[in-house]
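Some notes on this entry follow, for use alongside the coordinates. Please read them with the model open.

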Amino acid sequence: MDGMSRRAAIFTPGPAIITASQMTAFLQFCAARTGRRFADHGAFHRFSVGEFRLFWRLFLEWSGLPWEGSVIPACSDERCEHASFFPNLRLNYTESLLQGGGRDAQRPALTACSGELAPVRLTRGELRARTLRAGAALSALGIVPGDRVVAIAGNTAEAVVAALAATALGAVFATSAPEMGATSVIARFGQLAPALLLCHLRSPQRAAPALTAERVAEVARALPSLRAIVALDDGPAPAVGVPFLRLSEMMAAAPGGAPPWPRLPFNHPCFILFSSGTTGRPKCLVHGIGGTLIEHVKEHRLHCDLRAGDKIFFHTSTAWMMWHWQLSALASGAEIVLHDGPLADPGALWRLVSREQVTVFGTSPAYLQLCQDAGFAPGRELSLASLRAVLSTGSVLHDGQYDWVMESVKHVPLQSISGGTDIIGCFVLGNPNLPVYRGEIQCRSLALDVQAQPGATENARVGELVCRNPFPSRPLGLHGDAGGAGFHAAYFSQNPGVWTHGDFIEFTAEGTARIHGRSDGVLNIRGIRVGPAEIYRLLRSIPEIREAIAVEQAAAMEFGGSRMVLLLMLREGTILDSALTLRIKKELGRRGSPAHVPDVIAQVRALPLTHSGKLSASAVRDAINGRKVDNLEALRNPDCLDAIRRHPALAAPDRGQEAPPALPAGLPLVLLLQAIWERIFGIVPIGPDDNFFDLDGRSLLAFILFTEIRKLTGRAFPVTTIFEAPTIAGLAARLQDDNSADAFSCLVCLKREGAGRPLFIMHGFGGNVLELAKPARFLRCDRPVYALQARGLDPAQEPHDRIEDMAEHYLGEIRALQPHGPYALAGFSTGGLVAFEMARRLVRGGEVVEFVGLLDTEIHERNLPPTQLLALQLKRGAHVAGRLCAVSPARSIAYVRRIASLALDGARIRSGRSPRERLPHEDLLPPHYVHVRDSGRRAFAAYAPGFYPGTVTLFRVRERHPLSCDPLPLWRAAAAEVEVCPVPGTHVTFIEEPNVQVLGDEMGRRL
């Protein structure tokens, strides 16, 4: 008996739900029209497959979609590859989504949410009116049926209006998300010869406007067919020799009135979606109006039971087919809810679901796992009264995630759905009339003969996902593939006449299914699919790389998610050092997207080859995931797999470190320093003129470096010397100069260039300013930059342990350099409190302060009102309780001890003592550095900000810990005005590349 036969349903719909469902209504409609009786859903599915032509004619009649022409024939061929549906029928995609008037026009159609901005809300009538005007504007530019219109757009109301306007005219619409690199966008759009490029140019949720405009310009320059660029917002115009317009201005000038919306053939192109690029450049999949529409309406109304009054929110981007899938929900009368931008914390999407009273919420297993690992229980912390179903797609949904939704969210059906970009729909998905079983997808999609092709794996129950009959949402073909050879090779060559999808699937006797991952090499990293071929194409620009294989390593991340591993064979004489690793990651992130950047890069001597000389990614994938590698005899060099399995970069990190080997005596100073640098960086070789910061030098490495120098030479230079002598040669010259000053100063110059008044940045609680090197380097303004480091970094001086004392001392330092204002101040982390206090004192003394920047600066939670502090503590208590329920008794004891230790340390710091628990790297620091950090902790805990009568700018990271104290209400109480600027990353990564580029742009605009 198979492993899925003995199980109990975790959700069973009641008789009232089944009776009222649209699945039941359509089944009864078909029974009445055909005179047949369907005993259960299995019988109904067999009818829908066996007589698929009749099924689709009946569904088109029942759906109420507007069309003209004839439904005869319903399908032209029995073969999936050559079939064409409803060749004599005409309709319009946009008309089908926005039909209806009168009272229907007053119903909500769209709610678009973006960060802290007020939501945009449109009724069906308002959305129709905007689409009419946008369509008229595009028509005035000469857009006609068949033209390709492409968009680099966020998930906003403007993007929806643009898509509906283009498809209303019969144009073919293709999208890309703003965070995708220019090279990746060009690889897609460059194949289409588009007439028009629509774009967002200002997106506070992503990159700075200047970077966005540059990216759009780079894309536009590679598209010679463009007639114009049309901005969807008021961002800065890209510098490119193509007419530039703004959609809002065009719409204001466009006439209203009757829609110029032609009804077009059922198989007229509507959307072009892109494959992930597994076997070369991304395939351009052309999807027709009718096939897209009829499949989506079937899935929405029958399988999801969507109808007027529903609110559906699917967490997606415009680069994913789920954006198009959700858009089509307008045809079922549902309101669509959009979310643009990254997540502020694990609870962000659930709060939106609660606030907007979403009825159907779509997400990914990665997000559900993130919430589960964070101990977040939406059902206990939020009102989810309206929620009636949760959908999940993007990767395999595991059994435990079903339990978490039932226990921590709500007792509603969790419907796993699976299909893809290739068919702009689903092969297997939910069903309102069927029970939900843990780890299983409820049913096949109606009228699709989906099967597990035997022989694809050793497991007899698991096979290649195939569809044996024609279906309307099969793509019309590939753009640019005139003879259809590429289309045939991609989907029909493996199993002639049968659609082969690229997933492994398992079915039970009852028709439920499990997806067992991809069979075609596509990487699925935390819910994002990435084609390895696209990574390989981007790597061609790096000459050191000879061969590469990118594979997915399952359950290798901290929270159990997969990670991307990139194995490299390098040119003769080349080694993978930190500098090359950084260059590879930066290149992939810049020219691809963040999803293209591997988690691990490792150098190997050999990669497995077949006897025909082809690299075998499947053998590598099995090896690094601990699986048996089949068909070793098919490999020319199977022995290389043992070295790959044992590669230290692919194992769990070992925190224990051996003592470094002793350096040879009598080395010249430059060689001595070179040996130290190579050891602490782990890079060989490092030249005498290599720059510390170009090697991605961090503060901890600088501490170790200068500690080693002091041991070997007896000279005690401050670590900030690295700013003045950032190379081995420069340091050697300083050490050999007996007159070089070793004097300590709190004021450190980070950037001398600049004609304007200086910017002064205060250190974080650790006291050092090396972590501020990159913010100074990427600051886009013509100002010198100075940093203030803690006094106690000089062992001869005691550190300050009050914010007020730091502010007074540092004011004396900066006034020696700049006697009078206006002053520009900023502070990283705890340093923001120092900058704030300095600004208060300057203003009180009659000076002008032009800028106060708080770089993710928090205020201690003891400053919260009692009720808010109690709520925060209760939230943390619930989190602890949730974690205790999720772990074994042995781990729960260790967890309780850890929590108690942290609480005790918090009390010790508040009482002016040092903590007992140390951060992992603090044992590597000199004692006086640890003393400074303890003083910084005490200063943070003791400070209560007074009122500042000016404006402060809070640069706030988007990835905040859900259990931390939100400082924004406290800052709004402390300052007359608070400007909030969201920046990407965490408290640690927002001052690192590439996030620091956004921070530098945003600070530069305000300075």
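1. In this predicted model, an open sheet is built from seven strands, ordered S5-S4-S15-S14-S16-S17-S18, with mixed pairing. The edges are strand S5 (120-123) and strand S18 (414-416); each has a single partner strand, so one side of each has no neighbour in the sheet. From one strand to the next, the twist averages 15°.

2. Within this sheet, strand S16 (residues 360-363) pairs with strand S17 (residues 389-392) in the parallel sense, over four bridges. Phe361 has Val390 in S17 as its bridge partner. Helix H14 (residues 365-373) lies across S16, S17 and S18 and runs at about 95° to S16.

3. Gly333 sits in the loop between helix H12 (321-327) and strand S15 (335-340). Its relative accessible area is 8%, under the 20% cut-off, so Gly333 counts as buried. Beyond its neighbours within four places in sequence, Gly333 contacts Arg107, Arg124, Arg307, Ala308 and Gly309. The C-alpha atoms of Gly333 and Asp104 are 8.9 Å apart, with the two residues 229 apart in sequence.

4. His303 belongs to helix H11 (residues 289-303). His303 counts as buried because its relative accessibility is 0%. Polar atoms of the His303 side chain lie 2.9 Å from the backbone oxygen of Gly430 and 3.3 Å from the backbone nitrogen of Leu446. Gly430 and Leu446 are also among the residues that His303 touches, not counting those up to four places away in sequence; others in that list include Met23, Gln415, Pro432 and Cys443.

Definitions and conventions:
Residues numbered from 1 in each chain as written. Predicted model: local features only at pLDDT ≥ 70, side-chain atom pairs only at ≥ 80, totals over all residues. Heavy atoms only, no water. Helix = DSSP H or I, 4+ residues; strand = E, 2+ residues; numbered from the N terminus. Buried < 20%, exposed > 50% of the residue type's maximum accessible area, 1.4 Å probe, protein only. Polar contact = N/O pair within 3.5 Å; in protein donor to acceptor, adjacent residues only side chain to side chain. Contact = heavy atoms within 4.5 Å. Pairing = 2+ DSSP bridges. Axes fitted to C-alpha atoms, helices over the stretch in contact; angles between N-to-C directions.
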